Amino acid sequence: MGTAVELNRFLAGVERRAFRQAAFAVRDDQAALDIVQDSMLKLADKYANAPVEEWPLLFQRIMQNTIRDYYRRQKVRNFWVTTLSIFTPGADDEDDEPLEHTQATAEHEDPMNVLSASKNLAAIQEAIEKLPARQREAFVLRYWEEMDIAETAVVMGCSEGSVKTHCSRAVRALAAMLQEKGIHDE
Amino acid sequence: MNEEQYAKKLVTELNDGLNGLGSDVLRRLQSSREQACEAASQQRGAPYLRSAHSITLTGWFRQHRLGAAGAMLLVVLALASVVWEYAGSSSDDDTAAVDTALLAGELPVNAYLDTHLNKWANAN
């Protein structure tokens, strides 16, 4: 059981990574901030009484579920946008792309990436965004959140073997993408 | 460089990049965090999160506010009635004793004017 001070300290420790993790997944900073906010509130509302050492795992599970909820809502929204655009005259040339792809393109031109102090960082972030969702999830949880294989499997809802496979594929894919951009491992 | 080492190298870069987040993002994250902590505190009605084993006396009073107020009112009323009863009976006893003494001729009428009469009546 934690105090409000401990909860504040925990959230302060994870919030930046959580934001970046959500941004990798949804490719939209505002949506990522909403996801982090929802996740924090859900943790405080439902699991504030849980032991402090369980918070990281619980928070990650909540984050993953909130990101999936976002995908579902986006899917429904895209369906209606696409359906309605058929009946909208003159909207067929530019608005063909689903909303998600449009947002992804906009994100690549995000000034934050352009002005990033490190060229490597921008390339790494872009490469992580391009990873398949499960590989990205495994990479972030296992290496960035420093969870062990068992914990990662619990959060992802899969076997430990799958976690190892996803992690391995993710690292190899990242290495290949970064190599294409001229960033080599030394 | 093996996969693990390579991943750690990438993570180091990612962690360094967290320092470059915009001020508007950081403000929003702080605001979200504060809302979450406030929600957790409000849920418990206190600034500290509490376990089922650590319910304090103040916590009990907060949960049973109406019952506690009723019990305190009953105690005050009981005390008031005891005091009232005691004060009334002692006053009646004094008056009866003085009246009897006057009728029996043990006291002069001027005894009414004596400020120490109560002391004398109590002594006898």
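The model is predicted, so local features need pLDDT of at least 70 and side-chain atom pairs count only at pLDDT 80 or more, while totals for chains, interfaces and linings use all residues. Residues are numbered from 1 along each chain as its sequence is written, and chains are lettered from A, with ligands numbered from 1, in the order in which they are written.

**A helix pair across the two chains**

- α9(A) and α1(B) pack at an angle of about 65°, and their axes are 10 Å apart. The axes are lines fitted to C-alpha atoms, for helices over the stretch in contact, and angles run from 0 to 180 degrees between N-to-C directions.
- The crossing of α9(A) past α1(B) is left-handed; that is the term if the near helix is turned anticlockwise from the far one by less than a right angle, and right-handed is the term if clockwise.
- On the α9(A) side, S168(A), V171(A), L174(A) and A175(A) take part, and they meet E3(B), Y6(B), A7(B) and L10(B) of α1(B).
- The contact of α9(A) with α1(B) has, by class, 6 nonpolar, 1 polar and 1 charged residues.

**The two chains at a glance**

- Chain A has 9 helices and 0 strands, whereas chain B has 5 helices and 0 strands. Helices (H or I, at least four residues) and strands (E, at least two) are DSSP runs, numbered from the N terminus.
- Buried residues make up 33% of the 186 residues in chain A, and 10% of the 124 residues of chain B count as buried. A residue is buried if 20 or more other C-beta atoms lie within 10 Å of its own, exposed if 12 or fewer, and partly exposed in between, with C-beta atoms placed from the backbone.
- Among contacts in chain A between residues at least 6 apart in sequence, 59% join residues at least 24 apart.

**α3(A) and its partner α2(A)**

- The 32 residues of α3(A) should span 46 Å at 1.5 Å a residue, and the end C-alpha atoms are 46 Å apart, which agrees. The expected span is 1.5 Å times one less than the number of residues.
- The axes of α2(A) and α3(A) (residues 55–86) come within 9 Å and cross at roughly 130°. That makes α2(A) oblique to α3(A), since angles under 35 degrees count as roughly parallel, over 145 as roughly antiparallel, 65 to 115 as roughly perpendicular and the rest as oblique.
- α2(A) passes α3(A) in a right-handed crossing.
- Residues of α2(A) in this meeting include A31(A), I35(A) and L43(A), and those of α3(A) include W55(A), F59(A), I62(A) and M63(A).
- This contact has 11 nonpolar, 2 polar and 2 charged residues by class.
- W55(A), F59(A), I62(A) and M63(A) are also among the buried residues of α3(A), and the buried residues of this helix pack against α1, α2, α7 and α8 of chain A.

**α7(A), an enclosed helix**

- α7(A) has 12 residues and reaches 15 Å from its first C-alpha to its last, close to the 16 Å expected.
- Because 9 of its 12 residues are buried, α7(A) is largely enclosed by the rest of the structure.
- The buried residues of α7(A) include R136(A), F139(A), V140(A), L141(A) and Y143(A).
- What covers them includes α1, α3, α6 (119–130), α8 and α9 (160–180) of chain A, together with α1 of chain B.

**Two loop residues with positive phi**

- Most residues other than glycine have a negative phi.
- E146(A) has a positive phi of about 55° although it is not a glycine, and it sits in the loop between α7 (133–144) and α8 (149–156) of chain A. With 12 C-beta neighbours inside 10 Å, E146(A) counts as exposed.
- R27(A), also not a glycine, has a positive phi near 55° and lies in the loop between α1 (4–26) and α2 (29–47) of chain A. R27(A) is partly exposed, with 19 other C-beta atoms within 10 Å.

Terms used
Contact = placed C-beta atoms within 7 Å. Nonpolar A, V, L, I, M, F, W, Y, C, P; charged D, E, K, R; others polar.
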